[in-house]
Amino acid sequence: MKMIDLVHWRDPKKSGVVFGVSLLLLLSLAAFSVISVVSYLLLALLCVTISFRIYKSVIQAVQKSNDGHPFKALMEKDVTVPPETFRKHVDVCLTHVNHVLKQMSRLFLVEDLVDSLKLAVVMWLLTYVGAVFNGITILILADILLFSVPPIYEKNKVRVISFSCKSCIVCFKKAFIVEVQIRDYITITSIIIINIAASSN
């Protein structure tokens, strides 16, 4: 199932499981360390598999059956990563890494002053965000928004688009008025300067 199908809740059961597990994991990381969370998860998995293995062995002993290992079908599956698949993903990751490094170099070496100033403003704003939220809190909010905004948007798409259009029109009108006022101010200032220069001569 694609990610877009999960966040749009095409299959509520799968989306609910993914959302619940991801939210539980993030909440666990907020309360405990990464090592503790990973250890508890692996310990819980081992408890389940060992208990199931013992249960099946007891059932086989009582019924005197020879069904074999309960996880035989899973053990026979090929879980190795083919070299071609590994190289393909490495090439994709390398392309993204090189693109990020190129952009970072362009921004921090001030190839374009405007873009570097934009980055500085964003970083400055993020200092205020970091003072209020930590990384895990932001990830928890992002996870909740990721699974709640798309279905809400789909149900109210017409209203959202209509509201967005009206807001854009209002913003364009205000921007146009400000631009006209700035032009008038520049024109008036220029006329005043020219008159002062002419009178002084």
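**Figure 1. Nonpolar surface patch of the predicted model.** Val122, Met123, Leu126, Val129, Val132, Phe133, Ile138 and Leu141 form a nonpolar surface patch of about 660 Å² (residues with over 30% relative accessible area and no salt bridge, nonpolar side chains being joined within 5 Å; Shrake-Rupley areas, 1.4 Å probe; a salt bridge puts a Lys or Arg side-chain nitrogen within 4 Å of an Asp or Glu carboxyl oxygen). Helices H6 (113-132) and H7 (135-155) each give two or more residues to the patch (helices are DSSP runs of H or I, at least four residues), and H6 supplies the largest share, five residues. Val132, in H6, is exposed at 62% relative accessible area (exposed, over 50%; buried, under 20%; partly exposed, in between). The model is predicted: local features need pLDDT of at least 70, and side-chain atom pairs count only at pLDDT 80 or more, whereas totals for chains, interfaces and linings use all residues. Residues are numbered from 1 along each chain, and side-chain values use heavy atoms, without hydrogens and water.

**Figure 2. Aromatic pair Phe19 and Phe147.** The structure holds five aromatic pairs (ring centres within 6.5 Å, with the six-membered ring used for Trp; stacked, planes under 30 degrees apart; edge-to-face, over 60; tilted, the rest). The rings of Phe19 and Phe147 are tilted, with centres 5.1 Å apart and planes at 45°. Phe19 belongs to helix H2 (residues 12-31) and Phe147 to helix H7, so the pair ties together parts 128 residues apart in sequence. Phe147 is buried, at 5% relative accessible area. Ring pairs link Trp9, Phe19 and Phe147 into a cluster.

**Figure 3. Aromatic pair Phe52 and Phe71.** This pair is also tilted, with ring centres 5.5 Å apart and planes at 45°. Phe52 lies in helix H3 (residues 34-63) and Phe71 in the loop between H3 and helix H4 (72-75). Phe52 is partly exposed at 35% relative accessible area, as is Phe71 at 21%.

Conventions
Patches are made of residues with over 30% relative accessible area and no salt bridge: like charges are joined within 9 Å, nonpolar side chains (Val, Leu, Ile, Met, Phe, Trp, Tyr) within 5 Å. Buried means under 20% relative accessible area, exposed over 50%, partly exposed in between (1.4 Å probe, protein chains only).
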